[in-house]
Amino acid sequence: MYSSRLLEILFMLTETKRVTASQLATHFNVSVRTIYRDVDALSASGVPIYATTGRKGGIHLMDNFILNKLLLTESEQKEILLGLQTIKAVPIIEDSGVMRKISQLFQLNDSWIDVDFSRWGNHDSDKLKFNQIKQSILENKTLSFIYISSSGDKKYRTINPSKLRYKHKDWYLYGYCHDKRDHRLFKITRITQLNIQSKIFEQDDNKATAPHVINDDWTENKASIKLLFPNEVAYRVYDVFQESLITQEQNGLVVTAELEFDEWLYSYLLSFGPNVTVISPQCVREELVRRHKLSIHQLETYI
């Protein structure tokens, strides 16, 4: 609290140039004597802060003082602004004006980057969904929703949410699934009819042991996979895989990588239709064939 009060005093002086000790005391609910001790502490740390008496007296910062010259290099300032812009783009937190304060403090242009993770034409809906998930995680409340699988099936799910995870252009919700009695990742864009339940769960409920539980520290269980893509889908391959993992061969692009054999992988491979060949391992090739046949059967049944 003490250090945050000192920093807020600096923010206030940067914006208003002058403030009285009694105004600060009222704002922070402390004594005037405490405020003057704060001023002394800031001055001792090298901040050019001073107090004057009289009708126009108060606490001031030296003219043209910029906090960044005291604490941060220009490169560090820009890194902070980039990080804040990225955070601001995600509809998980409310806009508290921190971007405006930091950009004014550093006297830097913060409009050179604009990050927006929401889908086209769906900003309000995505923002509401993120805020509901945030609330449920912070309040330890159970979530229920309809989840659309990679094959298009819609199933009701109830989970104890644990955290949000961003990986390769997509947001995922991680939590303990009551139906599977295991930890699962759910792609945010496939979650519909989201509801926060009144039931409050204990954190220990998220640590229930079950087969194949994903470690809560996000340790990934990866294995080697080798894929072959025709040259005409190269643009999609380079969107996902690093160039060092791709080899140009006579019959196309060969990708060799360490990946998790999860829902994302199968959904990604199925999206290529006939334009992908799993060279190895055999288990992924067989599972991909099984899912492809299932999709064809479902389509025939629908028709």
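This is a short walk through a few residues and elements of the structure. The model is predicted, so local features need pLDDT of at least 70 and side-chain atom pairs pLDDT 80 or more, while totals for chains, interfaces and linings use all residues. Numbering runs from 1 along each chain as its sequence is written, and side-chain values use heavy atoms, with hydrogens and water left out.

Start with helix α2, residues 21–28. Helices here are DSSP runs of H or I, at least four residues, and strands are runs of E, at least two, numbered from the N terminus. The buried residues of α2 are A21, L24, A25 and F28. Seen down the axis of α2, they fall within an arc of 100 degrees, so they line one face of the helix. That arc is taken over the directions from the helix axis to the C-beta atoms. Buried means under 20% relative accessible area, exposed over 50%, and partly exposed in between (1.4 Å probe, protein chains only). Just after α2, N29 has a positive phi of about 60 degrees.

Next comes strand β5, residues 154–167, which holds N160. N160 has a relative accessible area of 4%, so N160 is buried. Its side chain makes a polar contact of 3.3 Å with that of T142. Such a contact is a pair of N or O atoms within 3.5 Å; within protein, one must be able to donate a hydrogen and the other to accept it, and residues adjacent in sequence count only if both atoms are side-chain atoms.

Now turn to E243, in the loop between α8 (234–240) and β10 (246–249). E243 is exposed because its relative accessibility is 61%.
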